[in-house]
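Let's take a friendly walk through this chain, from its overall layout to a few individual residues. Keep the structure open as you read.

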Amino acid sequence: MKKRLLTFTLAAVMILSLLTACTANDSKETTAKPDSNQTEETLSPEKSQNKELVDVTLNEVAHSIFYAPMYAAIENGYFESEGINLDLVCGFGADKVMTAVLSGEADIGFMGSESSIYTYNEGATDYVVNFAQLTQRAGNFLVSRDPIENFQWESLKGSTVLGGRKGGVHILM
């Protein structure tokens, strides 16, 4: 459990640091150095205190306990303190998240890699690139209406299993 928490925390920190690396810092002033033709950039105190937030829309495939570190970072104001005004949107499906990213409705999409693969295989020239692994393991589980003692995977032969949306990562697994 500690390993998972560490993984989620590190993933949230990675995403946060990636987002802050993409922001422009326009709160610098250029001043001339005395007795020189060179200039130097310094932070203006009044501008650095009034940091303008950069709008970032993040579209997630579903609300999940696995994204808890990100939710905590949002609620604790970590994104704002780094200059990011994060708008979290739930896409309710990887296909919808991918559509939002490709259409420009979202800047970042949290989804499985299957949508990226489908888009690339369809010949898209402006395809998205997966850049982070947010979770180490999938949180999928198998449930049954009736208790099964000593379950074996072979027991599923001939059964109907509902795995989610056709073409989704859960069906692929």
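Buried here means under 20% relative accessible area, exposed means over 50%, and partly exposed is in between, using a 1.4 Å probe and protein chains only. With that in hand, Thr 119 at 13% relative accessibility counts as buried.

## About the model

This is a predicted model, in which local features need pLDDT of at least 70 and side-chain atom pairs count only at pLDDT 80 or more, while totals for chains, interfaces and linings use all residues. Residues are numbered from 1 along each chain as its sequence is written, and side-chain values use heavy atoms, with hydrogens and water left out.

## Overall layout

The chain has 7 helices and 5 strands. Both are DSSP runs numbered from the N terminus, with helices being H or I of at least four residues and strands being E of at least two. Starting at the N terminus, the order of elements is α-β-β-α-β-α-α-β-α-β-α-α.

Of the 173 residues in the chain, 24% are buried. Among contacts (heavy atoms within 4.5 Å) with a separation of 6 or more, 61% join residues 24 or more positions apart.

## The nonpolar cores

A nonpolar core is a set of buried Ala, Val, Leu, Ile, Met, Phe, Trp, Tyr and Cys residues joined through side-chain atoms within 4.5 Å. The largest one has 10 residues: Val 56, Leu 58, Tyr 67, Met 70, Ala 73, Phe 79, Ile 84, Leu 86, Ile 108 and Phe 110. Two or more residues come from each of strand E3 (54-60), helix H3 (68-75), strand E4 (84-90) and strand E5 (108-110).

A second, separate core has 8 residues, including Ala 94, Val 97, Ala 100 and Ala 106.

## Where H5 meets H6

Two packed helices are described by the angle between their axes and the distance between the axes. Helix H5 (residues 94-103) and helix H6 (residues 114-121) pack at about 60°, with axes 9 Å apart. The axes are lines fitted to C-alpha atoms, for helices over the stretch in contact, and angles run from 0 to 180 degrees between N-to-C directions. H5 and H6 are therefore oblique to each other, given that under 35 degrees counts as roughly parallel, over 145 as roughly antiparallel, 65 to 115 as roughly perpendicular and the rest as oblique.

On the H5 side, the contact is made by Ala 94, Asp 95, Met 98 and Leu 102, and on the H6 side by Glu 114, Ser 115, Ser 116 and Thr 119. Those four H6 residues, Glu 114, Ser 115, Ser 116 and Thr 119, are buried. Leaving aside neighbours within four places in sequence, Thr 119 touches Met 98, Leu 102 and Ala 124.

## Residues with positive phi

Phe 92 is not a glycine, yet its phi is positive, about 60°. Phe 92 sits in the loop between E4 and H5 and, at 62% relative accessibility, counts as exposed.

Asn 150 also has a positive phi, near 50°, in a residue other than glycine. Asn 150 is in the loop between H6 and helix H7 (169-172), and its 69% relative accessibility makes it exposed. Finally, Gly 123, which follows H6, has a positive phi near 90°.
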